[in-house]
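This report goes through selected local and overall features of one protein model.

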Amino acid sequence: MRVSRLYAPTLREVPAEAEVVSHQLMLRAGFMRKAAGGIYSYLPLALRVLKKIEAIVREEMDQAGAQELLMPIVQPAEMWQESGRWDVYGAEMFRLNDRHNRNFCLGPTHEEMVTTLIRADIRSYRQLPLNVYQIQNKFRDERRPRFGLMRGREFIMKDAYSFDRDEVALDKSYQAMYDAYTRIFTRCGLNFRPVEADSGAIGGSGSHEFMVIADSGEAEIVFCTECEYAANVEKAELAAISSVDEPMQELKSVDTPNCKTIADVCNYLNLSIEKSVKAVAYTSEKGLILCFVRGDHEVNEIKVINTCNVINLEMASEEELTKAGTVGGYMGPVGMDPEKVMIVVDSSVMNMHNFCCGANKSDSHYLNVNPGRDFTPTFVADIRLIQETDACPHCGGKISKARGIEVGQVFKLFTKYSEALKATYLDENGKEKPMVMGCYGVGVSRTMAAAIEQNNDADGIIWPAAIAPYQVLVVPVNVKDELSSQMAEEVYSNLLKAGIEAAIDDRKERPGVKFKDADLIGYPVRIVIGPKTLTEKQIEIKIRKTGEVMSLPLNDDYVKAIKELLLKL
Ligand code: ATP
Ligand code: MG
């Protein structure tokens, strides 16, 4: 590629709308342009990176025995109605009508489509296992599209679906995908970690997310510093904390004027926070949900969703609280009717004695509340978020937190879709059984952004060589100097002949401008050729990642040396 012809309009200024570095750099380096919120055009450099990630994904999927196909983006409502998700998917699903006023959606995912496809053609145990995948644009009308390609509305995903005869076979398919994902992200040159993920109502260890470790990540993960345990904080399961036994004391109410937060209350009453219980109120399609955790703990909304088996969870309004007979800042389980509102109590609270909590009226709290005696929960469950002070749920060791970007997820679906959509097969005995499914996604466009989030400096992007748009940039210092220009062309052509993806900056620009653009775009290796290097019969090499500069003799060996160098970047 000749940079003089390259469609990569670089910008000198940081675009105001870009909050994270990958978005800023991709706009500045001319990789992408916005069409609408969360919807982008990929310019040639970005497309090259995407194609490289896709090539790695394809190779590893094929290697793992999956077969590529391509399903429609526009999906008829009927299959979603059959699975029951048409009405529950919510605003994230982009719906549209055709000229006959029939309902369709833009595929946010393809479980319905693939299950409908497979059920018509796969009938016998002899045809299983089967794993199919596609790489395609998905559309999700995200509530908050942001961070450029990290959370787009239209984005590129690789999605795979496995069909097996039973759970033992599913375990094998799942492991094959887990291993393939590990190879994919390793080959992309990323620092990542698979973590246990929430698998919704299914529970168990049915899902893992692949997290690229980066401070800008929207996900929070915990990992044990002593064993292999790593999980999304949403998923991390906690044993109930036990408290020292003490005799029950008489329930009494106390005035707590203007004590809105649990810290205010404890201060005012001179109480340790471990002796208090705080409340968080949500509304859902099943009505009001009041959650109670110890004062110093936080509610894990995902666990609440799973415990109450609800789809929508939003903060409750003051109006709804009044209707239920309570008041914000002073909520408590005592006197609430578990038939009318869901009272969800964290397991650790059930082990507490004589604690303090809101009395469901303004400026008032109860002291000496005791589970069993003073209130009736609808559910007792582990609903709190893990904290750094908690012990590892597996080995009791010390845990640490980090932020991550979810670039992939593997998921055991079991028979959720095959039962709803009647995707069955006949076993050896002619008995009809639902296929046991798994689904596996890689965010291809998000992986590109994550690579930049993890690999950048003040000058620009630092691409891992495996996914760089071009691996080497040849820079003639001055194109007007005929000899340097000629030698640069020769080096460029030798690199191309050796199968190295090279570009040459043949623009009539000052060297400073070329070097700045080279750093911004992030070519892993830059070769400089000028009168000085030529008198020494050398080329100058600069490695983007380390800033290391070295000279190579201008003989037949430099191509080989560069090839070897690239393998290490
Ligand atoms: P998130 O929790 O980040 O919204 P998700 O868990 O809903 O993602 P999946 O259904 O697991 O996403 O989709 C598979 C992969 O697709 C994700 O691991 C992620 O890499 C990618 N992905 C999902 N949503 C987006 C998006 N809005 N923009 C870019 N990539 C996305
Ligand atoms: Mg996911």
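Asp363 sits in the loop that joins β18 to β19. In this predicted model, its phi is near 55°, which is a positive value in a residue that is not glycine. Asp363 is partly exposed, at 30% relative accessibility.

Asn360 is also placed in the loop between β18 (355-358) and β19 (364-369). Asn360 is not a glycine either, yet its phi is positive, at about 65°. With a relative accessibility of 11%, Asn360 counts as buried, whereas Asp363 counts as partly exposed. As background, a negative phi is found in most residues other than glycine, and most peptide bonds are trans.

## A cis peptide bond

The bond from Leu128 to Pro129 is a cis peptide, with omega near 0°. Pro129 belongs to the loop that runs between α4 (111-121) and β7 (130-139).

## Magnesium site

Two residues coordinate the magnesium ion (ligand 2): Glu406 through OE and Gln409 through OE1, at 2.0 to 2.2 Å. Of these, Glu406 is partly exposed, and its relative accessible area is 28%.

## Cysteines

How many disulfides does the model contain? The count is zero, where a disulfide requires two cysteine sulfur atoms within 2.5 Å.

Two cysteines illustrate the result. For Cys105, the closest cysteine sulfur is that of Cys439, at 16 Å, so the pair is too far apart for a bond. For Cys357, the closest cysteine sulfur belongs to Cys356, and the separation of 6.5 Å is again too far for a bond. Cys105 is buried, with a relative accessible area of 0%. Cys357 is likewise buried, and its relative accessible area is 0%.

## Domain layout

The protein is divided into domain 1 (3-237 + 400-453), domain 2 (252-381) and domain 3 (470-567). Taken over C-alpha atoms, the centres of domain 2 and domain 3 are 66 Å apart.

Conventions:
Residues numbered from 1 in each chain as written. Chains lettered and ligands numbered in written order. Predicted model: local features only at pLDDT ≥ 70, side-chain atom pairs only at ≥ 80, totals over all residues. Heavy atoms only, no water. Buried < 20%, exposed > 50% of the residue type's maximum accessible area, 1.4 Å probe, protein only. Donors = N, O, S within 2.8 Å, 3.2 Å for Na, K, Ca; no water. Domains from an automatic or database assignment. Helix = DSSP H or I, 4+ residues; strand = E, 2+ residues; numbered from the N terminus.
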